[in-house]
Amino acid sequence: MQFKFSNASRHPYEIILVDDKNLKPLNKHISKKEFDYVSKSKSNDHSIISLNRLDSLKIVVVVKQKKSVSATDEAIRKMGASVQALLQSHKAKQAFITSTCQSDKASYLFAEGLSLANYQFLKYKSDAKKLRHTLTTLLFSKASITANALQQLSVLYKAISIARDLVNEPLQTLTATELSEAFKTMGKEAGFKVTVLDKAQITQEKMGGILAVNRGSILPPTFSILEYKPKQAQNTKPVVLVGKGIVYDTGGLSLKPTPASMDRMKSDMSGSAVVSATLYAAALLQLPLHIIALVPATENRPGENAYVPGDVITMYSGKTVEVLNTDAEGRLVLADALHWAKRYEPALVLDFATLTGAAAAAIGDVGIVCMGNAEESTKQALKTSGDNQYERLVEFPMWDEYGDMIKSDIADLKNIGGPYGGAITAGKFLEHFVDYPWMHFDIAGVSLNMSKKGYHPIGGTAFGVRMMMDFLMHYTIQK
Ligand code: BES
Ligand code: MN
Ligand code: ZN
């Protein structure tokens, strides 16, 4: 998808955004008769109104104020998704967006929803040509958006598309090695450094969590270090992102029942898609921030040398863990990456992981469960970014009692808690491996859609990238 300015006088598909409370500015764009028609449709509660002029289609989009700015913004994105479907039904190739709204964000939000809804994953369709959405370009009037916003829109669209592609790619074509290769490609294009530790190096480092999970797989693990360090970086201590990179989760010997719970498990590397796409967007937008992303990657398989329930493993940090369920593998690989992060003396570490079914069970596919020890002001900033982007966060408590649930009789920790509070006991496990300000984001509920939802098609959503980018763009250094 391309995003450009246009000053042509005529466009076959023209979208005009207008405030519900003030239709007047529309007068400049449509005839008196059309205006009356729009007013009438609006009073019948229509908010997307088509005016077919035979040689062109004008689409009036009425922006209504909802109970919060966040809700209004999301409604605009969703109208963008509806208009995407409308444009597709007309086989439109280009559409022109102009805005008469008071808010200068309306065009951005609308185009964001429209473009994200236009995304497709057609790599494995033999009739891809026929299926491909016709729309390739969004055009904007000069007055409706700034050049900076246009660039941001374009970069975020690209980053999110890459993240979605990574999630949608099956294991067969996205092993741990291939995931690390994908990061290298992204790094070359956007301008960040990618270093990949191979199995020998991971073994030499004694990253026991990653190695244990990898034992049941015939393919080697990787540990990727993505670093964006611009000369003009404002922070002396980096922000470190950590993403779970389980390229497939069978559960290991604690095998997941198939099909219901295993068929989505190619998406168990969604955390890594979120953090790599964030770095990609940050680098392309040249944010003045030193940011590092770490991705421990492997499959979780029940191969003949697989780790077994009852094994006691020594983690990279030196702590011992009694593995009582090989399906609680995410925390094992993340713990090693969190321990690695200590070397940077980070200002803040944020990890993203499809970590627990419990997080999804608690809040469904509506938002992200988060928890951690970061300062209140940091938590607030993250939640604000979540609201801004409608990738909302709900914070769970990290009370001591949850920590008691992962005490082992024979090792320092065990890798599962009891039957309840599973999202939190997973977070408490990770807490043992951090010594810096940190937040954990459990994206198990939101990373993959089984059906289309607004501007998210079926498949990978890249949920979290917009929230993270919003946060980083507002991030200021705490000395
Ligand atoms: N990858 C799964 C979590 C998951 C579940 C992600 C559903 C997306 C959708 C994770 O590795 C896992 O298996 N977690 C277990 C932990 C349990 C064994 C303590 C779970 O949630 O059941
Ligand atoms: Mn698992
Ligand atoms: Zn998993």
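Biologist: Which helix gives the largest share of the lining of the largest pocket?

Modeller: Helix 11, with 3 residues. Keep in mind that this is a predicted model.

Biologist: How is such a space found, and how much of it lies in the largest pocket?

Modeller: Rolling a probe the size of a water molecule over the atoms shows where empty space is left. Here, the largest pocket holds about 640 Å³.

Biologist: Which residues lie nearest its centre?

Modeller: Of 27 lining residues, Lys 256, Leu 355, Thr 356, Gly 357 and Ala 358 lie nearest the centre of the largest pocket. Helix 11 (357–363) and helix 14 (422–431) each give at least two residues to this lining. By class, the lining splits into 8 nonpolar, 11 polar and 8 charged residues.

Biologist: What about the second largest pocket: which residues lie nearest its centre?

Modeller: Lys 105, Tyr 108, Gln 152, Gln 389 and Asp 470, out of 24 lining residues. Several elements give two or more residues to that lining, among them helix 3 (106–118) and helix 12 (376–389). Helix 15 gives the most, with 5 residues. The volume is about 470 Å³.

Biologist: From which domains does the lining of the second largest pocket draw at least three residues?

Modeller: Domain 1 (2–145) and domain 2 (164–478), at least three from each.

Biologist: Now a single residue. Why does Ser 447 count as buried?

Modeller: The cut-off for buried is under 20% relative accessible area. Ser 447 counts as buried because its relative accessibility is 4%. Ser 447 sits in the loop between strand 18 (438–442) and strand 19 (448–449). Beyond four places away in sequence, its contacts include Val 167, Ser 267, Thr 354 and Gly 460.

Note on methods: Residues are numbered from 1 along each chain as its sequence is written. Chains are lettered from A and ligands numbered from 1 in the order in which they are written. This is a predicted model: local features need pLDDT of at least 70, side-chain atom pairs count only at pLDDT 80 or more; totals for chains, interfaces and linings use all residues. Side-chain values use heavy atoms; hydrogens and water are left out. Helices (H or I, at least four residues) and strands (E, at least two) are DSSP runs, numbered from the N terminus. Buried means under 20% relative accessible area, exposed over 50%, partly exposed in between (1.4 Å probe, protein chains only). Contact means heavy atoms within 4.5 Å. On a 1 Å grid over the protein atoms alone, a cavity is a set of points where a 1.4 Å probe fits but cannot get out, and a pocket is an open set with protein on both sides within 12 Å along at least five of seven lines; lining residues have an atom within 4 Å of a point. Grid points are joined across faces, edges and corners, and a volume is the space filled by probe spheres set on the points. Ala, Val, Leu, Ile, Met, Phe, Trp, Tyr, Cys and Pro count as nonpolar, Asp, Glu, Lys and Arg as charged, and the others, Gly among them, as polar. Domain bounds come from an automatic or database domain assignment.
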